[in-house]
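This report describes a structure for a reader who has not seen it before. Please look over the sequence and the model shown here before reading on.

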Amino acid sequence: MPIHTSIQRFQKIHTFFNGLFIFWIIFTIALIPLAILSPSTFKFTIPLELKEQADTFTGNLDSSLNLNNFRGQLSFENGPLPSTFYYHVGIIFIINLFLIFILLQLKKITTSVIRKTPFELANKNRLKYMGIALILLAFFKPIVYPFLAHTFNLPLDSPNCLTIAKSIKVDLLGIDWLYLTSGFVCLLLAEVFRVGNELKQETELTI
Amino acid sequence: MPIIVNVDVMLAKRKMKSKDLADAIGITVANLSILKTGKAKAVRFSTLAAICKELDCQPGDILEYRP
């Protein structure tokens, strides 16, 4: 495959990562006003004064429908928030921070590929950090969820928790295998990039 | 690295400038500088042959082993 075609393809991937990165940042920032504004109760009322209009209505209407019921008002009111609201918003916020970090690393890696210097040592470190972040995410649900639930005295979603010590629970079935596998693949790629960097340096220093 | 590169000695003997040698053998001055300062990890036979041809010497005159 010609190099310029590959670079063009990477420019498209880079643009995609840029868009995704901006979207996730906006989404994460939007969680803050959501968390602040959600507890405020709101109520709005629609007055229904259909009595007069109903008097003038002459069409075929079901006789069983009592139009007097329409007089009054229709009101909407949000109910009390569930006790787990902040717990879930907080978890989504933390996971988003992880994902933003991973997307930032991916963005930098694609930038270096476009610059035609993919085997730089920084890329090895970026892949390593990505792998660690993905592995942490994989263990986030089975370890951090039960821990937070216990700390804030909240009910747990998953019934599969295993009590490993007094009041310490681990949800072994909650391990995200996709994140875990991706994390190990990233760590493997980091090692490949390290060797690639050594070979590159050797080639550069061969006169 | 116990291998010493004596290109600068041979250049002085032949009264030749680094740039002239680099131009003659087809490498950059920067790469020749890497070779002279001993930072190079390897030398291609083609480069070595070109240097020997230009400086009219043997590889042993350029490379020296000091344990």
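How many residue pairs in polar contact does the rule find across the interface of chain A and chain B? The model is a predicted one, and across this interface the rule finds 4 such residue pairs, with both residues at pLDDT 80 or more. For salt bridges between chain A and chain B, the count is 0.

## The interface

Chain A brings 4 residues to the contact, and chain B brings 11 residues. Between them the two chains bury about 730 Å², and 63% of this area lies on carbon and sulfur atoms.

On the side of chain A, the residues that lose the most area to chain B are L205(A), T206(A) and I207(A). Together these residues account for 84% of what the chain A side buries. Sorted by class, the side of chain A that touches chain B consists of 2 nonpolar residues, 1 polar residue and 1 charged residue.

## The nonpolar cores

In soluble globular proteins, nonpolar side chains tend to be buried together. Here the largest nonpolar core contains 18 residues. Those with the most contacts inside this core are Y87(A), I91(A), I95(A), I102(A) and Y145(A).

Helices α3 (85–114), α4 (121–138), α5 (140–151) and α6 (177–204) of chain A each contribute at least two residues to this core. Its largest share, 6 residues, is supplied by α3(A).

Conventions:
Residues are numbered from 1 along each chain as its sequence is written. Chains are lettered from A and ligands numbered from 1 in the order in which they are written. This is a predicted model: local features need pLDDT of at least 70, side-chain atom pairs count only at pLDDT 80 or more; totals for chains, interfaces and linings use all residues. Side-chain values use heavy atoms; hydrogens and water are left out. A nonpolar core is a set of buried Ala, Val, Leu, Ile, Met, Phe, Trp, Tyr and Cys residues joined through side-chain atoms within 4.5 Å. Buried means under 20% relative accessible area, exposed over 50%, partly exposed in between (1.4 Å probe, protein chains only). Helices (H or I, at least four residues) and strands (E, at least two) are DSSP runs, numbered from the N terminus. Contact means heavy atoms within 4.5 Å. Buried area is the accessible area (1.4 Å probe) that two parts lose on being put together, summed over both. A salt bridge is a side-chain nitrogen of Lys or Arg within 4 Å of a carboxyl oxygen of Asp or Glu. A polar contact is a pair of N or O atoms within 3.5 Å; within protein, one must be able to donate a hydrogen and the other to accept it, and residues adjacent in sequence count only if both atoms are side-chain atoms. Ala, Val, Leu, Ile, Met, Phe, Trp, Tyr, Cys and Pro count as nonpolar, Asp, Glu, Lys and Arg as charged, and the others, Gly among them, as polar.
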